[in-house]
Amino acid sequence: MRTVSKDTITQSFLDYVVEETDERLKFILEKLAHHLHDFVRETDLTHDEWRKGLELLYSAGEISTPERNEFVLFSDVLGLSSLVDMVNSPEDGTPSSVLGPFHVLGAPDVPVGGDLKGENEGPAVVVGGRVLTTGGDPIEGAQLEIWQTADNGLYSGQDEKQPEYNLRARMTTGADGRYLFSTVRPAPYTVPEDGPVGELLRATGRHPWRPSHLHFIVTASGQRSLVTEVFPSDDPYLDEDAVFGVREKLVMEYQERSSTEGISDDLAIKSDLPDKFYVVDFDFILSSV
Ligand code: BEZ
Ligand code: FE
């Protein structure tokens with residue numbers, strides 16, 4: 001190994017990996033070593049630049065807590081999280097999108113037609129659609145977990161003024177595969193900028209905004225679970241999401257309404273809807289396992 005050079009170090013590293021190593025781990029390490037070493041060779045990385053990179057990682061560790069993982073945020077703003085989503089998203093179903101850090105377990109069960117709006121300020125929205133197989137059949141008993149920001153751009157858990165589980169629910173579809181709920185329009189918001197990710201965004205002239213969205217996790221037996229988000233077509237940040245979560249098939253319309261004609265009687269607050277409200281119609285297609 002005394003003859004190791006910048007051209008042979010990648011192979012030297014790989015020679016250290018013993019034969020019995022798990023095949024997939026070996027493959028991933030081989031690719032990682034090639035790309036990391038090429039990165040240094042191609043950039044002629046200086047000691048100062050290498051140290052700066054390690055300092056960023058150190059600060060990411062320092063600012064991380066069980067509730068806030070700065071490494072995940074780095075992965076998000078570098079496009080890594082979305083790329084992992086894209087390579088793992090089946091072609092035939094609704095695309096997946098980033099989970100984000102604000103999902104919590106234990107949201108209350110809300111029946112189809114239930115209300116999430118409660119006392120929340122903001123434009124009223126009726127969101128509904130079906131959960132379907134790729135063949136177009138409705139899926140009975142599919143479970144949806146739903147979470148979103150209030151109209152101040154904050155999730156419950158981030159904002160002490162919001163009750164626990166505000167704008168969060170779990171809903172189970174009936175025989176027709178339908179889900180339906182009333183809520184308020186979520187707002188665009190910024191990803192946390194007070195750590196090394198913010199430093200990177202500022203250094204590269206990037207803004208921290210995400211377009212407004214509704215988060216969903218949709219699960220059903222015999223189908224692949226789907227973690228996704230849906231985005232309104234009129235959001236100013238639709239084409240510049242800081243974490244690259246938007247896909248064409250995840251874009252929906254807020255249709256403005258001034259009459260409840262056509263709104264299902266299942267909607268608990270149908271008779272209390274304001275004069276002007278919005279309707280979102282979005283189907284989820286789950287591919288089979
Ligand atoms: C979110 O959508 O909740 C989110 C995703 C990535 C980073 C920050 C927030
Ligand atoms: Fe979000």
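Modeller: A polar contact is a pair of N or O atoms within 3.5 Å. Keep that cut-off in mind; this model is predicted.

Biologist: Which distance separates a polar side-chain atom of His215 from an oxygen atom of ligand 1?

Modeller: That distance is 3.0 Å. For Tyr189 the gap is 2.7 Å. For Arg210 the gap is 2.5 Å.

Biologist: How much of ligand 1 does the protein bury?

Modeller: Start with the ligand alone. Ligand 1 then exposes 270 Å². The protein buries 99% of that area. As for location, ligand 1 sits in the largest pocket.

Biologist: How many residues surround ligand 1, and which are the closest?

Modeller: There are 13. The closest are Asp76, Tyr189, Arg210, His213 and His215. Next, sort the shell by class. Seven residues are nonpolar, three are polar and three are charged.

Biologist: Now the metal. Which residues coordinate the iron ion, ligand 2?

Modeller: To read a metal site, look for N, O and S atoms within 2.8 Å of the metal. Here Tyr155 and Tyr189 each coordinate the iron ion through OH.

Biologist: Why is the arrangement around the iron ion irregular?

Modeller: Check the angles. Six donors count as octahedral if opposite donors are over 155 degrees apart and all others lie between 65 and 115. The six donor atoms around the iron ion subtend angles of 54 to 165°, so the arrangement is irregular.

Notes:
Residues numbered from 1 in each chain as written. Chains lettered and ligands numbered in written order. Predicted model: local features only at pLDDT ≥ 70, side-chain atom pairs only at ≥ 80, totals over all residues. Heavy atoms only, no water. Near = heavy atom within 4 Å. Polar contact = N/O pair within 3.5 Å; in protein donor to acceptor, adjacent residues only side chain to side chain. Areas by Shrake-Rupley, 256 points an atom, 1.4 Å probe, with all protein chains shown as cover. 1 Å grid on protein atoms, 1.4 Å probe; cavity = no way out; pocket = protein on both sides within 12 Å on 5 of 7 lines; lining within 4 Å. Sits in = over half its atoms within 2 Å of the grid points. Nonpolar A, V, L, I, M, F, W, Y, C, P; charged D, E, K, R; others polar. Donors = N, O, S within 2.8 Å, 3.2 Å for Na, K, Ca; no water. Tetrahedral: all angles 85-135°; square planar, octahedral: opposite > 155°, others 65-115°.
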